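Biologist: Walk me through reading a model like this one. I will ask about features, and you answer from the coordinates.

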Amino acid sequence: MSSFYTAESGAKLHYKQTGAESGPLIVCLHGLGGSTETYTPLLPLLPSKYRIILLDFPGFGQSSLPTTEKSLSINGHVSDVDEFIAHVQGSSDDAGKTKIILFGHSLGTAVAMHYAAKRPENVAGLVLFTSIQSAAHIPAARERMLGLAAGTRKHGIAFAAEMAAKSNFPADELRPINPNLRQAVAKAVALSDSEGYAQTCEAVVGLDHKDPDYSRITAPTMLVAGDLDTLSPIAKSQTLSELIAGKSWVEVVKSGHQPILEDTSAVAAAVNKLLQSIDSSG
């Protein structure tokens with residue numbers, strides 16, 4: 001079921017719901033160039049008792065850009081998600097009683113961690129796929145993302161789609177990749193708003209993008225890392241796991257930057273391990 005929520009920023013946020021209407025809540029946040037479709041391969045492998053909500057960030061999927069901000073920012077995404085979750089919980093009979101579980105992929109991990117640090121009392125668990133941190137202080141990363149933004153504005157979203165189809169997967173000499181997977185990522189990116197994509201690239205390395213206070217993240221956290229991911233190497237997830245205050249661990253799967261697409265069964269097994277951990281503790 002598809003619905004829309006208009007945030008204070010003016011963005012009309014598209015979201016989908018599936019699963020048990022009154023079950024424990026999972027909110028899924030996609031990465032750069034993704035959408036609610038990012039999690040489609042995983043959904044059939046999750047327990048049916050959960051109420052699962054998949055959200056499109058502004059400028060992606062069917063969500064519009066904000067009307068009240070000059071440009072997108074990580075802080076703006078966090079505010080949108082904060083409002084959205086309050087809206088969703090407010091429409092539930094269990095409002096204020098049940099904590100949520102957050103899934104994030106790439107860009108979505110940064111937003112999820114910010115939310116978990118801001119509202120630790122509201123988060124029961126985190127699943128972070130190919131995690132990222134602020135790269136504003138890393139010249140090479142900042143140059144790459146600003147170049148991607150400039151290229152997208154100059155050549156259109158097809159430029160970003162072509163780049164993503166290459167960078168999101170291991171080189172063929174390291175592990176052969178089904179061409180259909182590359183095409184799936186290119187198609188997903190191609191559906192993004194070109195200006196929204198460019199602004200989000202800039203937001204990731206924006207000087208106002210500061211890492212959250214990881215000591216405030218107390219929920220059980222699982223970080224899923226691809227063994228051949230060059231955009232978010234295993235070491236990145238290991239470092240984050242050490243910074244997070246709550247119980248956390250890293251699960252390595254056979255993938256580049258798209259573990260849900262590349263190693264679906266292993267990802268599902270890892271996710272269900274976290275869900276079972278939350279159930280047993282709670």
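Biologist: Is His-209 buried or exposed?

Modeller: This is a predicted model, so keep that in mind throughout. The test for burial is a relative accessible area under 20%. His-209 has 4% relative accessibility, so it counts as buried.

Biologist: Where does His-209 lie?

Modeller: In a loop. It runs between helix 6 (194-204) and strand 7 (221-226).

Biologist: Which residues is His-209 in contact with, beyond its neighbours within four places in sequence?

Modeller: Ile-74, Ala-110, His-114, Gln-133, Ser-134, Ala-203 and Val-204. Ala-110 and His-114 are among the buried residues of helix 2.

Biologist: How many residues of helix 2 are buried?

Modeller: 11 of the 12, so helix 2 is largely enclosed by the rest of the structure. The buried set runs from Leu-107 to Ala-117 and includes Met-113 and Tyr-115. These residues pack against strand 3 (25-29), helix 1 (74-90), strand 5, strand 6, helix 6 and helix 7 (234-243).

Biologist: What span should helix 2 have at 1.5 Å a residue?

Modeller: Its 12 residues should span 16 Å, and the end C-alpha atoms are 17 Å apart, which agrees.

Biologist: What is the phi of Thr-130 near?

Modeller: Near 50°, again a positive value in a residue other than glycine. Thr-130 sits in the loop between strand 6 (123-129) and helix 3 (139-155). At 0% relative accessibility, Thr-130 counts as buried.

Biologist: What is Thr-130 in contact with, beyond its neighbours within four places in sequence?

Modeller: Ser-106 is one of its contacts.

Biologist: How do I read a helix with two faces?

Modeller: An α-helix has 3.6 residues a turn, so residues three or four places apart point the same way. Take helix 5 (residues 179-190). Its buried residues are Leu-181, Arg-182, Val-185, Ala-186 and Val-189. They cover an arc of only 135° around the axis, which puts them on the same side of helix 5. The face turned away from that buried side carries the exposed residues Pro-179, Gln-183 and Lys-187.

Biologist: Which helices do the buried residues of helix 5 pack against?

Modeller: Helix 4, helix 6 and helix 8 (259-262). The length of helix 5 also checks out: its 12 residues should span 16 Å, and its end C-alpha atoms are 16 Å apart.

Biologist: At what angle do the axes of helix 3 and helix 4 cross?

Modeller: Roughly 140°, and the axes come within 6 Å. Only angles over 145 degrees count as roughly antiparallel. That makes helix 3 oblique to helix 4.

Biologist: Which residues meet there?

Modeller: Helix 3 brings Arg-144, Leu-148, Gly-151, Thr-152 and His-155. Helix 4 (residues 157-167) brings Ile-157, Phe-159, Ala-160, Met-163 and Ser-167. The residues of this contact divide into 5 nonpolar, 4 polar and 1 charged.

Notes:
Residues numbered from 1 in each chain as written. Predicted model: local features only at pLDDT ≥ 70, side-chain atom pairs only at ≥ 80, totals over all residues. Heavy atoms only, no water. Helix = DSSP H or I, 4+ residues; strand = E, 2+ residues; numbered from the N terminus. Buried < 20%, exposed > 50% of the residue type's maximum accessible area, 1.4 Å probe, protein only. Contact = heavy atoms within 4.5 Å. Axes fitted to C-alpha atoms, helices over the stretch in contact; angles between N-to-C directions. Parallel < 35°, antiparallel > 145°, perpendicular 65-115°, else oblique. Nonpolar A, V, L, I, M, F, W, Y, C, P; charged D, E, K, R; others polar. Expected span 1.5 Å × (residues − 1). Arc of directions from axis to C-beta.
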